[in-house]
Amino acid sequence: MTGAPGPEAAPAPPRRRPRLGLWLGLAVLVLLAAFAFIRRDDIRLAAMDPGKPFQIYTPPPAPDYDRPETWHLLPEGPGKAGEADVFFLGPTTYSGAEHWNGPIDDSDSVGVFRRVMAPNLVGPFAGVGRVFAPRYRQAGLYSFTTLREDAREARRFAYVDAEASFLNFLARSAPDRPILIVGVEQGGALAARLLAEVGSLPSVRNRIAGAWLIDTVTPADSPPLPPCASPEHSGCLAAWAWAYDDDATHARDLQDRSLVWSGTDLVNLGKRLPLCYNPLLQATTDDPAPARLARGATNATGLEWGARPPFVTRQVSARCIDGVLRVSRPEARMLRPFGSWEDRLRTPGFNLFYADIEADARTRLTAFKALRRPSSPPPAASQTGPGAP
């Protein structure tokens, strides 16, 4: 007996071959993603490029330094608090792509100065006197990542405001007051030219208790002031640029890519060595300084202006090698690089030498005042000798 015929089996659907175009598209996307990851820094830098030649660029309006809003910091009232007046030129904080030279009222730039730079870098000098810290149309962060002529023009242009603010500072400062001049990174380069030009006037030079060019490459063969040779030396220059002792690449870049002043122009440092001051030894020397000499490092980012930061001692050793201050990596987590990619291009949000610089400023000022102190008058002549009435 035969069974009823069953339903015919449905034919299997044909296998679809993967579309070659789809796989090629995916491969291209993967390659593009990999390329973007590898070249992410270059892509970010390209996004910061103002995109127009400096020659046809219109900079922001010039500051009027008689107006308080053109200053980051001004003394409160006309009094003579402290023993000196401090002029401070801050580092690069503007990273926008719209300008070669940032407007002084850029909110992000002002916020970085207030939150990061002031508590970490101005703080060590606040205890010796009144602080004047101008806002200036600084060259943007992009200008320090390229050696293009446009970038050099932007950095030269920033000197216009540096000089104008310094002259305003001198007009506000009593002529008998000692002055301390401080510049960090871009501000240090501008302060170097100020010292060489305006600072060479006897009326100014005779008032300078000391100058600090921090994170600044300064040619050792032509410093604008005599280098500080010992803690007892005043009217001198403390200048250094630093790199971690295990970061030979950065140390080499400081010499190979740094621009320094030659008159009013910016030129490559070339084969010259930078001036190297060791803040742990308070001297311009190649002698090593062990970590036990480090008075105190700190991360003061976010502290209100005037607040005293906590310190950690013995964090770093330091030694000048080929003109670069080579520093050991600190153990404290708060003293390690942090933040966004742009933050890591800027001056760090910590100060490895805060307490050392603070002590240095006081020492220089004390030495300066001792030199200016008039000698004791000779004792009065005896009235019992010849010629007495």
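What do the side chains of Glu153 and Arg156 meet in? They meet in a salt bridge, with 3.3 Å from N to O. Please keep in mind that this is a predicted model.

Both residues belong to helix H4 (residues 149–172), and because they are 3 residues apart there, about one helical turn separates them. Glu153 has a relative accessibility of 23%, so it counts as partly exposed. Arg156, at 15%, counts as buried because the cut-off for that class is under 20%.

Lys369 forms a salt bridge with Glu83, and their closest N and O atoms are 2.3 Å apart. This pair connects distant parts of the chain, 286 residues apart: Lys369 sits in helix H9 (residues 354–372), while Glu83 lies in the loop between strand S1 (71–73) and strand S2 (84–89). Lys369 is partly exposed at 32% relative accessibility, and Glu83 is partly exposed at 41%.

Arg308 forms a salt bridge with Glu358, where the closest N and O atoms are 2.4 Å apart. Here too, distant parts of the chain are linked: Arg308 is in the loop between strand S9 (265–268) and strand S10 (318–321), and Glu358 is in helix H9, 50 residues apart. Arg308 counts as exposed at 52% relative accessibility, whereas Glu358 is buried at 11%.

## The wider picture

Salt bridges with shared partners join Glu149, Glu153, Arg156 and Asp265 into one network. How many salt bridges does the count come to? The count comes to 16.

Key: Residues are numbered from 1 along each chain as its sequence is written. This is a predicted model: local features need pLDDT of at least 70, side-chain atom pairs count only at pLDDT 80 or more; totals for chains, interfaces and linings use all residues. Side-chain values use heavy atoms; hydrogens and water are left out. A salt bridge is a side-chain nitrogen of Lys or Arg within 4 Å of a carboxyl oxygen of Asp or Glu. Helices (H or I, at least four residues) and strands (E, at least two) are DSSP runs, numbered from the N terminus. Buried means under 20% relative accessible area, exposed over 50%, partly exposed in between (1.4 Å probe, protein chains only).
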